[in-house]
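Subject: Structure handover

Hello,

Here is the structure you are taking over. Please open it alongside this message; my notes follow below.

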Amino acid sequence: MAKAPAMAPAPILDAIEGVPLPREHGHLFGHGEAEQELLSAYQSERMHHAWILGGPKGVGKATLAFRFARFVLENPQRNSPVVQTATSLSVPETSHTARMIAAGSHADLLHLKRPWDEKTKRFKRDLPVDEVRRTVSFFGSTSAGGTWRICIVDAADDMNASAANALLKVLEEPPERSLFLVLSHNPGRLLPTIRSRCRRLELRRLDDGQMSQTLGAFGFSPDEAGAYSPAVLAMADGCPRHAMLALGGEGREVADRFFGLMQSVLAIDMAEGHRFADLVAARGSDDAWYTFLDLARGFLSDRVRKDAQQGAGSLVRWAEVWEKVSDAAAAADALNLDRKQVVLNFLKDLRG
């Protein structure tokens with residue numbers, strides 16, 4: 001009897017070709033204050049059981065979450081000399097805990113993300129309630145190390161209403177020695193009842209020096225002058241993920257063309273826009289599609305943030321474009337609609 005063909009492993013959401021996943025590395029730049037706040041809380045007599053790590057997508061929330069989880073699981077006794085004298089959340093990458101987390105196999109760490117749908121060969125458009133309900137069995141069992149159990153929700157913005165209510169329920173009655181790290185690109189849009197049960201920690205955008213440190217640590221080479229492209233750093237706006245998409249991986253061409261189009265938002269060349277939309281919507285190019293959505297939302301988030309700071313009257317219009325592209329992308333994924341039209345409508349809305 002012929003053997004059944006081996007099933008290919010499911011893709012990993014938000015992975016960038018050639019870049020280690022947040023669970024796989026120990027690099028952290030530009031978030032020293034946030035790291036110290038988590039460390040101080042863990043060293044204290046009482047630590048809040050749930051944290052919202054807020055900040056724009058790609059700024060380093062998942063990296064910090066895994067760094068904290070690695071430290072807690074490696075050092076479960078908060079009163080130990082190692083914890084009380086620690087000056088950072090660093091853990092040797094050769095430690096058993098670090099290696100287990102890097103492999104995604106640590107029994108006391110649950111990472112909730114939008115799952116891969118094997119039927120449609122796409123990631124589900126939201127983080128469904130069934131995923132969040134995994135916390136029931138996870139927290140209902142005895143921890144492998146007999147100490148902490150940690151759940152990272154990545155990202156809470158992806159939860160549908162049922163999933164959000166399921167998370168709220170477990171936050172309301174937290175198991176003993178449990179820790180929730182809830183990542184959110186826009187914490188203000190989470191349920192008020194979820195926000196009220198979490199301590200909030202906002203991650204700041206990195207400056208150009210910190211961005212250069214991060215890119216160098218991940219193997220992205222600067223130009224001949226020893227610097228990274230000012231245009232890339234400006235468009236990335238303090239979020240390393242956006243710069244990495246522009247500098248390498250399969251999304252590089254998408255990022256390069258996107259940045260080019262955004263140089264003149266009010267006079268976008270729609271002929272070039274059509275060519276860009278063809279690239280994004282090409283059959284089988286999920287990486288290109290999700291890179292576009294990532295960059296588009298990052299760009300809009302930045303414009304909303306800047307206009308809010310300046311009190312500009314265009315704030316509402318930027319927010320409307322955000323809502324339109326988010327709704328259109330969700331519909332395109334759910335109903336298998338034309339992705340090219342989503343891209344073109346986005347560009348037309350910007351130009352308008």
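Which residues touch the most other members of the largest nonpolar core? They are Phe258, Met262, Trp289, Phe292, Phe346 and Leu350, out of 86 residues in that core. A nonpolar core here is a set of buried Ala, Val, Leu, Ile, Met, Phe, Trp, Tyr and Cys residues joined through side-chain atoms within 4.5 Å. Buried means under 20% relative accessible area, exposed means over 50%, and partly exposed is in between, with a 1.4 Å probe and protein chains only.

Before the rest, two notes on the source. This is a predicted model, in which local features need pLDDT of at least 70 and side-chain atom pairs count only at pLDDT 80 or more, while totals for chains, interfaces and linings use all residues. Residues are numbered from 1 along each chain as its sequence is written, and side-chain values use heavy atoms, with hydrogens and water left out.

Leaving out residues up to four places away in sequence, Trp289 touches Val280, Ala329, Ala332, Asp333, Arg339, Val342 and Val343; contact means heavy atoms within 4.5 Å. Another core, of 24 residues, lies apart from the largest one, and its members include Ile52, Leu127, Val129 and Val132.

Ser184 belongs to strand S6 (residues 178-184) and is buried, at 0% relative accessibility. Helices (H or I, at least four residues) and strands (E, at least two) are DSSP runs, numbered from the N terminus. The side chain of Ser184 reaches the backbone nitrogen of Asn186 at 3.2 Å. That is a polar contact, meaning a pair of N or O atoms within 3.5 Å; within protein, one must be able to donate a hydrogen and the other to accept it, and residues adjacent in sequence count only if both atoms are side-chain atoms.

Helix H9

In helix H9 (residues 208-217), the residues Met211, Thr214 and Leu215 are buried. Viewed down the axis of H9, the buried residues fall within an arc of 95 degrees, so they line one face of the helix; the arc is that of the directions from the helix axis to the C-beta atoms. An α-helix has 3.6 residues a turn, so residues three or four places apart point the same way. Helix H10 (230-236) and helix H11 (240-247) are among the elements that cover the buried residues of H9. At the N-terminal end, Asp207 caps H9, with a side-chain oxygen 3.1 Å from the backbone nitrogen of Gly209. After H9 comes Gly219, with a positive phi near 85 degrees.

Salt bridges and cysteines

The count of salt bridges is 20, each being a side-chain nitrogen of Lys or Arg within 4 Å of a carboxyl oxygen of Asp or Glu. One of them joins Asp278 and Lys340, whose closest N and O atoms are 2.8 Å apart. This pair links distant parts of the chain, with Asp278 in helix H13 (residues 270-281) and Lys340 in helix H16 (residues 339-351), 62 residues apart. Asp278 is partly exposed at 41%, and Lys340 is partly exposed at 22%. Shared partners join Asp14, Lys57, Arg241 and Asp294 into one salt-bridge network.

How many disulfides are there? There are zero, a disulfide being a pair of cysteine sulfur atoms within 2.5 Å. The sulfur of Cys151 has its closest cysteine sulfur in Cys198, 11 Å away, which is too far for a bond. Cys151 is buried at 0% relative accessible area, and Cys198 is buried at 10%.

Backbone details

Most residues other than glycine have a negative phi, and most peptide bonds are trans. Lys121, in the loop between strand S3 (116-117) and strand S4 (122-123), has a positive phi near 60 degrees. Asp237 has a positive phi of about 50 degrees; it sits in the loop between H10 and H11 and is buried at 18%. The peptide bond between Asp154 and Ala155 is cis, with omega about 5 degrees. Ala155 is in the loop between strand S5 (149-153) and helix H7 (161-172).

Regards
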